[in-house]
Amino acid sequence: MGDLLQLVITGLAVGMVYSLIALGFVVVWKSSSVANLALGQLVLIFSWFFYGMLVQIGFPLWLGFPLLILFALLVGWLIERFALRPLIAQPILSLITVTLGIAYFTEGVVTFVWPKSVAALPRFFPREPLHIGGAVVSQEYVWIAAISLLIFILLTLFYRYHRMGIAMRATADDQLAVQACGVPVTKIMSRSWMVACIVAATGGILISSIGGITNGLVMTGLKGFSVVILGGLDSFAGAMIAGPIIGLAESLGGGYLTPYLWSGVKDIIPFFIIIIMVLIKPYGLFGEERIERI
Amino acid sequence: MTLPCGVRSYKYADDMAIIRTKTQWVLFILMLVLLFTMPLYMPSNYWLGIATLTGITLIAATGLNLLLGYCGQLSIGHAGFIAVGAYTSAILTNRLGVPFPIALLCSGLTAGTIGIIFGIPSIRLKGFYLAITSIAAQFIILWVINHWSLTGGFMGMQVPYASIGSFVFKSRASQFYLVTSIAVLTIFIAKNIARSRVGRAFIAIRDNDLAAQVMGINLFFYKLLAFFIGCFMAGIAGSLLAHWMGFINTEYFSFADSILYVAMIIIGGLGTTIGPIFGVIFISTLEQYLTVGLVPFLERTFSMLPSGFATGVTPMLFGLVIVLFLILEPRGLAHRWSLFKSAYRLWPFSY
Amino acid sequence: MNKSKLRVIGAILMALIITMLPFLSACDTEEQVETIKIGITTPSSGQAAEKGSVMGHANLDAFEYINEELGGVAGHPIEVVWLDNGYDATKAVTNVQLFMDEGCVMYATASSAMMTATMETANRAGFPGLACFNAPNLHRPPQHIYGQMTDYGDDWTAFAKYYVENIWEGEGKPRMALHLLNNSTGYGARDAAMAKAEELGIEIISIDEHAATTMSEIESLTRIKALNPDVLYISSTPAPTAVIIKNAYELGMYPGITIACGHAGMTKELVNIAGADITEGVYGVFPTVSWGDDVPGMEKMIEYCLELHPEDEGNGDYITSWAQSLIIAEILRLTVENAGYEVLAEGGPEAWAAVEYQGIQQLDGYDVEGLHGPVSYVPGDNRLSKSLRIFQVQSGEIVPITGWIEAPLIKYEEYEWFGN
């Protein structure tokens, strides 16, 4: 039974990582109905930038982190200004493809500036794992869970009560009407991308502390999509709940099913969940169902 | 299609013809001749191989164009269906000894069937949800291939040469002819599908599927048909690819390739038959230029540059090209081409 | 003209100039010197870039040394056609076709996965290839692909023998768990284990696979821990190996059991990512000397590395590829000696056959200037160097703990499970 506890705790921990990434996705979707398929690569480039700041140039943590935030703001603004603003009224295919183009471009920039494909961040968290019952969980995961929850609370409050947040939700609903009301739509899209990039940057630092900075971050980004589908594309609460569910499914599936099926079952579980969700409940557990009229 | 002035149709058949005037016939036959005599004037086997690879990509891109450009179903998992075709053909010819023509057909049918299975969600979903489903489909297909011993698992499997009867397609030239004939046939079929009732139904579904349903178009049937045709062509392309390379492995069919296919048809022009041709040729040329020309040149002359410079340039340029095309010319190169044709006809008001 | 038109014209001119540059440079290489052409393809971008770009640099630097200071091979400069395959198999295949068309007499790759992709094309045409990182599937059954060094299966066999003789102190058979990368790197170790574990007296209790992008292997390690292993062998690249070792540490398995890695993972990167304290005492296998060892070839290599690519200093892969270039030069020297230059001048099937039968297969005890074990060809065995050493991580440094061990030939194709 110690096994089960271990698997459950690991699953929940890894799931919180996915939730963090999913939050970044939901931010962009909630404000502009754009699917940010470049999320994995953005996490990658922010992690590398942080590495560059801390290891290559040697800044201390209290300087490196604000610089990272500034960089994230810059990247968010750049993407919105030069890639998305020209495409405001275009069909959704163009928007998705342009984020894919950005993803490609970002991967190129990463190879360009940091030619190593693997690196390690300096250690922030103590290496002793926490012991819960008979199971262990490394401290990075605990921090990730805490910070995810914090970001989730901040974002929910922001979107519900702050003027800018309400404006963002309105923009996602109907851009034309919002423009007619005098809300600067371009500013809103800019801000939402900047926020998404900050979330991605924070996620990047935390995730890289676990396994180093590798191209695997992109794969983790893809798994974030499964969280978003399960939880609902426009729901923060959905992202927070669906993340641990997928993490648990991966962990338990990997732990118990692997001897009976094939090694590597755990990699495919998130994608299976996507297909199943899409057939039963496409809008996710907490998503809002869109009613289409002709 | 705009015709030069003075051309009139006296029969319905004339009105519907693809090639209308004598000039068009001459140009068309000239192009075919140039295409099929390519092995004679191509500088080396390498370029012939590139041309063959371009032909294979073109077949797959045409399929994707029917699915995405004409019917509007967002499918970003095309490389997965190509993989299905490739592995089907490989297993049939390698392990079961089935003759190549039958294997070719079967790989198309298998890919089409798998396409239908993963296309079922399209009944209820659109836009981003369908895109994510197709991405998941690709990963699941690749995972199954990787973990199934029949397909050689992670190590991949060997594929014998293509052969029809006793003629083996061993030389580069023969492979080129095989691929080019199939590519020309595929484009012809695609053009005719687009002009037929099926094509019109696709376009209606793309523009507004609810209205199409109200008008009496059976969404279920036509959407699945679009998936079937698109993936059938992908399967054929996969089979040709497998026999050309001699060895297949799931690493050849990555997610980045799927993105490239979507980019190709967008750059070329969605919803036109000539669009995929432009897109494929553009991307292939760019890729060749970068791999053979720019990168080694940079690496040799500028060894003072940071090591990632030369090798990071390729994905950067690709991504940049995709984004720029979407912003500046969203209707693709086909649109520019038709503008050029109209300008040529109208300048300087030649009547 | 207004500003925007000027800008557009300026941009078009810039683009034209940039596109023209490569052609301009190609114009001035019309010297009539008799060169020998070879092709090299490395994964200098993409997911193996941390190894591939370093290895590409080492190859090119070594050839510059050979051409400048040694005058090439018997007076003929070596012309290198270098292409980046970006760890993309289709690109690697087209690269090899380009090599064949351009008159190259042989080719070399860095990654075993890329060699797996291209070996069908090369074997069909009879184009000889030299694989730096080697795996059993590349050279069994032996055709035209030669492995520069021992393969991942040999790593396992060498370590298993060392373990049973020197580290294992219990009764009966030691229990070993394998954790493998899901490609030729991992499968090489698995093939060796399946072939030789019984003979060496080791019980394989579980075989697990992981992807190169894995972030956590706690589930598989939990299962392994329940089976009470004595030793864990990881055949993978540095990043996943680091993840597994960290997870093992967290679960309390390590320190406790013995952990060992294959040569793809046993590099400084592993120690960096996982941390010197966690990797303390991890064993590993590596087929070349370490940076700074006192061998004849070390001085020149360090000199060129610091001059041309100082950021690669200290990287074990640099040594491997520098050695590969030296071996290629030796092969070409033997070919020119035995078959003459004329045969090689144009490339083509005669040149390839000459390089293979009168060059590669005539290698006999070439010492590669001490950078790794001696290189010889023994009929039936396409591995050129058969020796390796066992290392251990001590205080963050990778230290050799044995001398050169020779790895015996294993005829994998005689086992019915091989290749299926």
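This is a predicted model: local features need pLDDT of at least 70, side-chain atom pairs count only at pLDDT 80 or more; totals for chains, interfaces and linings use all residues.
Reader: Let's start with chain B and chain A: which element of chain B gives the most residues to the side that touches chain A?
Author: On this interface, 50 residues of chain B are in contact with 48 residues of chain A. The elements of chain B that give two or more residues to that side are α7 (127–147), α10 (209–215), α12 (255–268) and α14. Top of that list, with 14 residues, is α14(B).

Reader: And how much of the area buried between chain B and chain A is on carbon and sulfur atoms?
Author: By class, the chain B side has 38 nonpolar, 9 polar and 3 charged residues. The two chains bury about 4200 Å² between them, and the share on carbon and sulfur atoms is 84%.

Reader: Which three residues supply more of the area that chain B buries against chain A than any other three?
Author: The trio accounts for 18% of what chain B buries there. They are B:Phe128, B:Tyr129 and B:Trp143.

Reader: Now over to chain C. Which element of chain B gives the most to the side that touches chain C?
Author: Here 34 residues of chain B are in contact with 40 residues of chain C. Between the two chains there are 2 residue pairs in polar contact, both residues at pLDDT 80 or more. Elements giving two or more residues to the chain B side are α4 (45–70), α11 (219–245), α13 (274–301) and α14 (308–328). The biggest giver, with 11 residues, is α13(B).

Reader: How many salt bridges does the rule find across the interface of chain B and chain C?
Author: There are charged residues on the chain B side, which divides into 18 nonpolar, 11 polar and 5 charged. Even so, the number of salt bridges found across this interface is 0.

Reader: What percentage of the area buried between chain B and chain C do carbon and sulfur atoms give?
Author: In chain B, the residues that lose the most area to chain C are B:Tyr46, B:Phe154 and B:Met155, together 19% of what that side buries. The area buried between the two chains is about 3200 Å², and carbon and sulfur atoms give 62%.

Reader: On to cysteines. Why is B:Cys106 too far for a bond with the closest cysteine sulfur?
Author: A disulfide needs two cysteine sulfurs within 2.5 Å. B:Cys106 itself is partly exposed, at 28% relative accessibility. The closest cysteine sulfur belongs to B:Cys231, and it's too far for a bond because the distance is 16 Å.

Reader: What about C:Cys132: is this one buried or exposed?
Author: C:Cys132 is in no disulfide either, with the nearest cysteine sulfur, in C:Cys305, 16 Å away; over all chains the structure holds 0 disulfides. Its relative accessible area is 0%, so C:Cys132 is buried.

Reader: Where is C:Asn85, and which side chain does the side chain of C:Asn85 join in a polar contact?
Author: C:Asn85 is in the loop between β2 (78–84) and α3 (89–101) of chain C, and its relative accessible area of 0% makes this residue buried. Beyond residues up to four places away in sequence, C:Asn85 touches several residues, including C:Pro43, C:Lys91, C:Asn95 and C:Met114. The polar contact, at 2.8 Å, is with the side chain of C:Thr41.

Reader: Does C:Gln392 count as buried or exposed, and which side chain does C:Gln392 meet in a polar contact?
Author: C:Gln392 is in strand β11 of chain C, and at 13% relative accessibility this residue counts as buried. Leaving aside neighbours within four places in sequence, the contacts of C:Gln392 include C:Met266, C:Tyr283, C:Glu397 and C:Ile401. The polar contact, of 3.1 Å, is with the side chain of C:Gln394.

Reader: Last one: how many Å apart in space are C:Val378 and C:Gly10?
Author: C:Val378 is in the loop between α14 (349–358) and β11 (387–394) of chain C, partly exposed at 39% relative accessibility. In sequence, C:Val378 and C:Gly10 are 368 residues apart, and in space, C-alpha to C-alpha, the separation is 62 Å.

Note on methods. Residues are numbered from 1 along each chain as its sequence is written. Chains are lettered from A and ligands numbered from 1 in the order in which they are written. Side-chain values use heavy atoms; hydrogens and water are left out. Contact means heavy atoms within 4.5 Å. Buried area is the accessible area (1.4 Å probe) that two parts lose on being put together, summed over both. A salt bridge is a side-chain nitrogen of Lys or Arg within 4 Å of a carboxyl oxygen of Asp or Glu. A polar contact is a pair of N or O atoms within 3.5 Å; within protein, one must be able to donate a hydrogen and the other to accept it, and residues adjacent in sequence count only if both atoms are side-chain atoms. Helices (H or I, at least four residues) and strands (E, at least two) are DSSP runs, numbered from the N terminus. Ala, Val, Leu, Ile, Met, Phe, Trp, Tyr, Cys and Pro count as nonpolar, Asp, Glu, Lys and Arg as charged, and the others, Gly among them, as polar. Buried means under 20% relative accessible area, exposed over 50%, partly exposed in between (1.4 Å probe, protein chains only).
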